[in-house]
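Open the model in your viewer and keep the selection tool at hand. The tour goes from one selection to the next and says what is there.

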Amino acid sequence: MYIDVINVINFYFPAVVSAPIKEPVPVFLTILGIMLIAPLLFEKIRLPGIVGLILAGVIVGPNGLGLLARDNTIVLLGTVGLLFLMFMAGLETSLDDLKYNADKALIFGLLTFAAPMVLGTGAMLAIGYGFLPSVLVASCFASHTLLALPIAGKLGIMRSQVLTTTLGGTLITNILALLVLAVVVRAYQGNLTFQFWLLLIPALIIYTFLTLWGVPLVGKWFFRKFGHDEGAEFTFVLATLFVVSYGAEVVQIEPIIGAFLAGVAITQLIPPLSPLMNRIQFIGNNLFVPFFLISVGMLVNPKILIQEPKSLIVSGIMVGCAIISKYIPAWISGKLFGFNQNRILVMFGLSVSQAASTLAAITVAYNIRLVDELTVNGTIAMILVTCIASPWVTARWGEKMKPEDGHVEKTKLTKLGDRVLIPVANPHTEDNLLQLAIIVTKSSAGTLLPLHILIEQGEPISPGDKTRQNQLLDTAEMIAHAAVTKVLPIARIDESIDKGIARVAEEKQASVIVCGWKGFSTYEENLFGSVIDKIVQRSSVPVLVSRFPLPIKNTSRVFLAFTSQQAQAHSFSQSIQLATTLATELKASLQLLQVVSNKKLDVDLIKTGLIPKDINIKKLRGNFVKEVSRLLQANDLLLLNGSVVQKGQIFSLLDHVPEAIAHNHPEVAMMILYF
């Protein structure tokens with residue numbers, strides 16, 4: 001049937017399929033057409049777009065209609081896409097995930113690696129594969145791609161034990177699978193000698209240490225020095241990817257291992273909701289990775305399904321092994337950890353999908369002729385089935401997880417981030433405030449309200465001032481759009497800054513106001529009150545008063561300090577919510593400090609249910625400023641609760657506590673929360 005169709009097309013359209021397209025513009029146009037149409041068509045029928053791109057590569061490739069040849073250009077772009085795919089897989093993996101449930105993650109990671117290796121190797125040997133190809137294919141079963149992770153986010157279970165266990169296990173099994181790939185490739189090429197092991201292990205340890213320690217160190221310096229230049233930031237990330245990938249070649253392991261480690265290392269520096277992360281994911285998912293998927297499709301030869309019946313057997317065995325070998329570790333781990341059936345199936349749903357690492361490994365193996373077209377076809381079939389099953393299983397059983405299964409995720413800022421008002425004077429110098437506002441907004445899919453106020457002084461506003469106002473708001477809008485955030489710019493003319501902000505907050509039904517603070521108050525401000533004091537007094541919604549001497553993306557720890565009296569206030573739960581959300585989105589650790597100055601006010605916040613059990617809290621007795629200053633570290637974001645404000649009160653709200661801490665630690669970012 002397949003041959004008849006090709007013959008008919010050759011007869012009626014000989015110019016199309018007689019020779020592949022060679023001219024650069026038509027080639028690129030054809031690929032762009034595939035990138036546009038294939039995912040849309042497959043998502044319409046509720047299949048992942050990744051499957052559409054691979055099948056489109058089969059159709060237009062040398063084994064299909066022959067529209068495109070898999071020449072050097074396709075190979076080059078496909079290689080870049082392969083590295084980018086592994087890089088983004090690393091970006092989704094955080095070393096901090098291991099800290100939440102390290103023991104559970106280790107057990108699940110080892111089980112979900114060992115079971116596929118044993119079952120996969122045995123199955124492939126049973127159908128006539130050699131030992132090395134069998135081990136290589138089994139390592140493909142062991143690795144997995146968290147394709148259904150966005151579904152878990154929508155269900156509100158991202159911070160549950162199931163998710164942190166699965167994320168940590170993913171890091172372990174993917175690294176082990178990639179190491180198996182490196183060893184198998186060396187063994188196949190005849191280079192697996194004692195000298196190789198003698199050099200590989202120390203070289204791998206040093207290389208991994210330099211990557212996971214050196215990249216964040218250099219990245220923090222670069223972002224601190226050149227964080228204002230968005231183009232330079234993106235170029236630095238790309239350069240890091242290829243430098244680390246080339247370093248993997250130098251130590252004689254596959255570049256895809258380096259790309260994965262580069263992602264793991266640099267993800268510590270890039271907040272998930274930041275414009276930079278959005279650009280990386282946008283360009284990767286819409287340009288580089290589709291090139292790779294199309295090039296993989298070009299490797300598939302559909303004729304083998306007819307010419308070689310064994311292809312169907314290989315495909316069936318690979319699909320069966322992938323599903324069974326991922327369910328067994330999820331079931332065993334779940335029983336050990338006391339998880340119910342819903343949690344076990346969510347673990348299975350997340351870990352069963354095969355895409356990034358599997359495609360990477362099988363492509364490398366095919367390029368050196370370690371595996372044949374039968375295996376490539378079977379891999380594509382396995383990816384097709386698991387990519388359909390994974391989102392379905394995760395969605396169906398994730399919805400049945402009890403709310404307490406995602407206890408920490410309950411802290412999403414649903415109301416606080418609904419409509420975030422941020423006054424802007426210069427978005428380039430206030431970039432950190434905008435980033436903070438965007439994080440709060442995106443945490444609840446809200447709307448950002450950038451505001452610029454022109455002061456009415458009895459004379460008409462000059463055209464120059466209006467032009468500058470429009471430029472400032474346009475810049476703020478552009479930054480928001482770059483982070484895929486809904487935005488509504490507001491231009492205002494009012495008699496004063498504080499009155500204008502309060503009125504706009506009321507008119508636009510803002511849920512929170514984000515303001516900047518210089519870190520100190522003048523004598524006049526202490527006596528009569530500053531603009532910030534007046535904004536807090538007039539506002540009927542929470543106000544976040546923030547100070548960022550360094551880029552917000554450099555934050556390594558969110559540090560919420562409070563007194564026992566503040567912990568008993570009605571608004572304290574909102575402080576916990578904000579601190580948890582910021583720590584999650586900035587990929588920072590969370591530390592709570594309770595300072596007890598009066599024994600009568602001492603309460604156990606965990607026993608009273610005010611703080612979740614898995615949040616790290618320290619309790620100290622003594623002077624608040626002294627204890628907080630002693631525990632502060634570089635790259636901390638300190639959160640303090642502001643005083644309760646009475647209407648008409650005229651004195652500086654930012655009392656000596658924040659100013660004293662800011663004076664002692666001028667390099668530490670601070671945020672005072674007024675609810």
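How many salt bridges does a search of the whole structure find? The search finds eight. Keep in mind that this is a predicted model.

**Stop 1: Arg492 and Asp494**

Select Arg492 and Asp494 and show their side chains. The two side chains meet in a salt bridge, with N to O at 3.3 Å. Are these residues buried or exposed? Arg492 has a relative accessibility of 18%, so it counts as buried, because buried means under 20%. Asp494 is buried as well, with a relative accessible area of 4%.

**Stop 2: Glu495 and Lys499**

Now select Glu495 and Lys499. These residues form a salt bridge, and their closest N and O atoms are 3.1 Å apart. Lys499 has a relative accessible area of 23%, which makes it partly exposed. Glu495 is also partly exposed, at 43%.

**Stop 3: Glu627 and Arg630**

Move on to helix α27, which covers residues 624-631. Select Glu627 and Arg630, which both lie in this helix. They are three residues apart, about one turn of the helix. Between them is a salt bridge, with the closest N and O atoms 2.6 Å apart. Which of the two partners is buried and which is exposed? Arg630 counts as exposed, at 53% relative accessibility, whereas Glu627 is buried, with a relative accessible area of 10%.

Salt bridges that share partners join Arg492, Asp494, Glu495, Lys499, Arg503 and Glu507 into one network.

**Stop 4: Thr379**

The last stop is a single residue and what surrounds it. Select Thr379, which has its place in helix α19, residues 373-398. This threonine is buried, with a relative accessible area of 1%. What does the side chain of Thr379 reach at 2.8 Å? It reaches the backbone oxygen of Thr375; show the backbone atoms of Thr375 to see this pair.

Finally, look for residues in contact with Thr379, leaving aside its neighbours within four places in sequence. Which residues are in contact with Thr379 on that basis? They are Met318, Thr358 and Ile362. Select these three together with Thr379 to end the tour with the contacts of this buried residue in view.

Definitions and conventions
Residues are numbered from 1 along each chain as its sequence is written. This is a predicted model: local features need pLDDT of at least 70, side-chain atom pairs count only at pLDDT 80 or more; totals for chains, interfaces and linings use all residues. Side-chain values use heavy atoms; hydrogens and water are left out. A salt bridge is a side-chain nitrogen of Lys or Arg within 4 Å of a carboxyl oxygen of Asp or Glu. Buried means under 20% relative accessible area, exposed over 50%, partly exposed in between (1.4 Å probe, protein chains only). Helices (H or I, at least four residues) and strands (E, at least two) are DSSP runs, numbered from the N terminus. A polar contact is a pair of N or O atoms within 3.5 Å; within protein, one must be able to donate a hydrogen and the other to accept it, and residues adjacent in sequence count only if both atoms are side-chain atoms. Contact means heavy atoms within 4.5 Å.
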